[in-house]
Structure formats: structure tokens, C-alpha cells
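User: I am new to this structure and would like a close look at one part, the surroundings of the ligand. Please take me through them carefully.

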Amino acid sequence: MTKHVLISGGAGFIGANFIAYLLKNTEYSITNADCLTYAASLENIQSFTSSERYRFIQYDIGSSEKESEIFDQKYDAIINFAAETHVDRSISNASPFIYTNINGTFHLLQAVLDGKADRMIQISTDEVYGSLSPYESPFTEHSALLPNNPYSASKASADLLVRSYYQTHSLPVIITRCSNNYGPMQHLEKFIPKVITHALTDKKIPLYGDGLNIRDWIFVEDHCRAIHMVLEQGKAGEVYNIGGNTEKTNRDVIEEIVKQTGKKNDMIEYVEDRKGHDRRYAINSTKIEKELGWSPSISFHEGIKRTIEWYRKRLG
Ligand code: NAD
């Protein structure tokens, strides 16, 4: 069925990859609503403008201004990617995180309640579950929400609001919680783009603490495919974890990139650990695998190869 979806935050990393995925794999019409913070990239969305199925509206989900322009029609779904996302920034100033991640989500929920969209998918993160010790089982959808930094706390707060709108108003909402994404179009301040660009330009590669913090990594295209399946087949009121089944220490990640770029490990420079640095995230995605038939398909080796190629071209 042809759908018209409203994608908030579509000029950022995952949102732009998701729009590219929808334009390639579906007949959907897409409205991209993004207020273009420092994290957005016009380059990310430039190629979409040639499609008749795409329009862009500069819009701030934290405010209700321009609501009449964005909601000039009813949408089949809102998919909310818009967020402040950098943990280090949330430690130095949490205010924009509260504004966008909590207030912004609230405004979109209200829009659905007011009949401006049939349903909403909230793009959340495994960071809402907090940190695991090395021998604990990965987080399931029933794990407690125990966020440890202002970014993850703001995302957890938004998740609780979304849940409350389902419980209180029976609003058709779904939450997805994904592990760490990597791939083309991510901002250079994030871990993998930083490591790749430093390796390609022969700069020292900073590594926090002892380098043994563990994350589960997923190639962004696998995440986009999962969100599309949730949009098509997901059940209202449910939470779906999405993971890459690829737990790696930060040191492992850097060493893989150093190897694939033909550089040496002596580029790695250990730096002071980040405050509140969660030790390990790992996610159990059995539910989405069993119920919707999704599983990750791109290996870490292949995903890193594609990501390096993208940044290599960008650096020229
Ligand atoms: P990003 O920082 O690359 O992009 C965020 C986008 O949101 C930017 O284009 C920005 O301009 C926009 N935005 C910010 N505030 C806005 C506002 N008030 N109104 C409208 N637009 C606004 O983020 P990302 O990495 O693409 O993450 C997207 C979503 O996925 C976030 O909700 C994040 O919590 C979640 N997530 C990210 C990861 C990851 O590894 N990157 C993993 C799991 C979940």
C-alpha cells in the first residue's frame, strides 16, 4: 500500500539512511521534518530532492510553530528520529536534550492524538537500559530502564511518555530500541567516523579509558530494514529491540579500522575516560527475529569496509 510518512530528524545519520532506504525499496511519499541542528547535513539529503515523492520542511519538533505547514495533510505514520544524540554534549549541557528528546516527542504524540497521523514509531536506543557487566545476559524488552547519562535519561523519559499514550489513550505507538549504528552519513564527532577519518588522514586515534568498553554494532542499513518491518508489521503498544549480534570492545573496533585502512596500531592514543561511561551494552533481538522475521545481514567486516569507502570518497 502507498503510504505518506512523516520522518522527523531525516537530515541526520539514521533518518537520512532511512529515507534513502524507503525511496529505493518502497513507493512511500515522504515528508522530512528537521530543524537542521549542527548534527544535520544538507549533503545527506541533497540527492532526495530529485524525487517527486519527497519534500523537506524545516521544522522544530520541540516547538509548535509552523504546525499548520507540517500537518497540512494526514500521515499514515510518524517515525521520530529527531533527537540530540551525542552523550558527551549531554554531559556538558543537557538542556537541548530535554527540549527535543522529551518535549519534541510529546508534541508528536499530541499530533497523533489530534488525528494528524494514524500511528507513530519512536526510534529509541539500547542505552535506556543502562550498563551490563561482562557476564550478564543481553537486554530484553523487559529489562528495567536504568539510564546513566542525560542523553539516555532523556530517551528513556520519551519512551515512558510513549508507553503512557498507549496505556492511557490506546494510541497506536511502537518503540524500537537499537544498538550502536555505523555506516555512511554519520557526523564526524561520533566514534566510528572519527576513527576512520583520523586513520585516513594519519592523525592520532583517541581511545577512552582502557578501551575495553563493549558495544553491540549494527550496520545502519540493517537497522533501516528493521524499522521498515516494524512499520509494516509491528504491533501497537509493543517494544522491539534491534541488535547486530556483534559485541566488540572499542579497541577491537579501532584495530579493525586501522587494519582495513592499512595503518598501524601505534596511531592509537589512550585518553581519560568519559564520565558515566557505560561498560557494556548488548541487546537480545529474539523478539523481532521471531515475530517479524528480521535478522541482521551485513557482517562487521563488510559494513566497516563500506563505511570506510564512503568516508574515503568524502575526504576526496
Ligand atoms: P543524529 O544526531 O545524526 O541526527 C539527529 C537529527 O535530528 C539531526 O538531523 C537534527 O537536525 C535533528 N533534530 C534535532 N533536534 C531537532 C528538533 N528539535 N526538531 C527537528 N529535528 C531535530 O542522530 P542519529 O544518530 O541519526 O539518531 C537518530 C535517532 O536514532 C535518535 O533518536 C537516536 O536516539 C536513535 N538511535 C541512534 C543510534 C546510533 O547509534 N546513532 C542507535 C540507536 C538509536
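Analyst: What follows describes the surroundings of the ligand and then turns to one helix.

This is a predicted model, in which local features need pLDDT of at least 70 and side-chain atom pairs count only at pLDDT 80 or more, while totals for chains, interfaces and linings use all residues. Residues are numbered from 1 along each chain as its sequence is written, and side-chain values use heavy atoms, with hydrogens and water left out.

The ligand is surrounded by 29 residues, of which Ile14, Asp34, Thr85, Tyr151 and Lys155 are the closest; a residue belongs to these surroundings if one of its heavy atoms lies within 4 Å of the ligand. By kind, the shell divides into 15 nonpolar, eleven polar and three charged residues, where Ala, Val, Leu, Ile, Met, Phe, Trp, Tyr, Cys and Pro count as nonpolar, Asp, Glu, Lys and Arg as charged, and the others, Gly among them, as polar.

Helix 1 (13-25), strand 5 (120-125), helix 6 (150-169) and strand 7 (180-182) each supply at least two residues of this shell, and the largest share, three residues, comes from strand 5. Helices (H or I, at least four residues) and strands (E, at least two) are DSSP runs, numbered from the N terminus.

A polar backbone atom of Phe13 is 3.0 Å from a ligand oxygen, and a backbone N or O atom of Ile14 lies 2.7 Å from an oxygen atom of the ligand. From Lys155, by contrast, a polar side-chain atom takes part, lying 2.6 Å from an oxygen atom of the ligand. Of the 840 Å² of accessible area that the ligand has on its own, the protein covers 96%, with areas taken from the Shrake-Rupley method with a 1.4 Å probe.

Now to the helix. Helix 11 (residues 300-315) has 16 residues, which at 1.5 Å a residue should span 22 Å, in agreement with the 22 Å between its end C-alpha atoms; the expected span is 1.5 Å times one less than the number of residues. Its buried residues (under 20% relative accessible area, 1.4 Å probe, protein chains only) are Phe300, Gly303, Ile304, Thr307, Ile308 and Tyr311. They cover an arc of only 135 degrees around the axis, and therefore lie on the same side of helix 11, the arc being that of the directions from the helix axis to the C-beta atoms.

Conventions. Polar contact = N/O pair within 3.5 Å; in protein donor to acceptor, adjacent residues only side chain to side chain. Buried < 20%, exposed > 50% of the residue type's maximum accessible area, 1.4 Å probe, protein only.
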